[in-house]
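Morning, everyone. Please bring the sequence and the structure up on your screens, and we'll start with the overall fold.

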Amino acid sequence: MNLQRIRHMLIKEFIQLRRDPRMRAVIFVVPVLQTIVFGYAVTTDVRHVKTVLIDHDRSTSSRELVARFTGSGLFDVVAQVEDVDDAQKLVDREEASTVIRIEHGFDADLRAGRMPAVQLIVDGTDSNTAAMVLNYATRIVTTFDPRARVNPFGARAPAPLATRAWFNPNLESRNFYVPGVIALLVALITLLLSSMAVVREKEIGTIEQIIVTPITQPEFILGKTAPFVVIAYIDVLLVTAVAVFWFDIAIRGSLLLLFGGTALFILSTIAVGLVISTISTTQQQAMMTTFFYFLPAVLLSGFLFPITNMPRVIQWLTFLNPLRYFLVIVRGIFLKGSGFAILWPQFAALLVLGTATLLFASTRFRKTLA
């Protein structure tokens, strides 16, 4: 392997990048902006639920209960009506998603020591949000009076339950999703750059010049991919800085271990991108193929949906997805402080996938450069 030839390839790649200011913005500025936007937008936390109130009791106790709902910051009473039909119209027009109904006798039941009941009607179109709203409402009602129940979901438990959340005490979804955004952005950047690496040479007509040079296949691959590795690490540093200093998400584990896992993940994504580049004839084809690969990879990675909830066949398919393993590494290091003794199966999987895909990409290069 001739280091001089590799150095010339590296210089050529960085010169091409320097000549395209828009590409520099896409590589270095867009990931930071996307991390900030996604950090606020990608969340499952439910806040300011638009709520309709039906209070037929109109007692001090019912008003205190409503104050518990509105004071939590989770529910905003947008209207107060007397009839369920009027509340349904507001829900149908999407002016509200939740109805709190307190019937006559609520205060009397509390004073008499009987178990009062509160009805909660939730728009179940978005099942995840509806489940969160039911959970919030149940906690508010049961803390207001241990005997109260949200009908029909919140029947009184036979024994008190003491809960404690590890690793994310406040249960903020941002702490879960922002580290995952790091993995998504690194994957997207490296896939796009590497997928257009060879096909760009074909389009501008320089592939023929490369063929007649004495450069070998390993030198060509290393010279084409090394700049992308540097760029990916810069993006990782930028996005990690945003996560730590902007969103105040602490890194509980080893930063060096994170960089080691990133290296194996970059190996996998660049190898996939090179395979896409060799089977594409134009940059447009390479870009479209990259997005056709990227979207299923995100959906089957566990970023949004738990893999255990997927059908068994789909779960087997996720074992071929590098993003699945890197998400475990990133979240484990950020949230749990996991070490190599815990994460070594993910490291091993990324090494196997990356090596196998890179070897396959090498065979494609042999056909291209022959």
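Take contacts first, meaning heavy atoms within 4.5 Å. Of those between residues at least 6 apart in sequence, 78% join residues at least 24 apart. A caution: this is a predicted model, where local features need pLDDT of at least 70, side-chain atom pairs count only at pLDDT 80 or more, and totals for chains, interfaces and linings use all residues. Numbering runs from 1 along each chain as its sequence is written, and side-chain values use heavy atoms, with hydrogens and water left out.

The chain has 15 helices and 5 strands. Those are DSSP runs, numbered from the N terminus: helices are H or I, at least four residues, and strands are E, at least two. Of the 370 residues, 43% count as buried. Buried is under 20% relative accessible area, exposed is over 50%, and partly exposed lies in between, with a 1.4 Å probe and protein chains only.

Now helix H12, residues 283–299. Which of its residues are buried? Ala286, Thr290, Phe294, Ala297 and Val298 are. They sit on the same side of H12, because they cover an arc of only 90° around the axis. That arc is taken over directions from the helix axis to the C-beta atoms. In general, an α-helix has 3.6 residues a turn, so residues three or four places apart point the same way. The face turned away from the buried side of H12 carries exposed Gln284, Phe292 and Leu295.

Last, helix H10, residues 217–246. Leu238 is found there. At 32% relative accessibility, Leu238 counts as partly exposed. Questions, please.

Note on methods:
Expected span 1.5 Å × (residues − 1).
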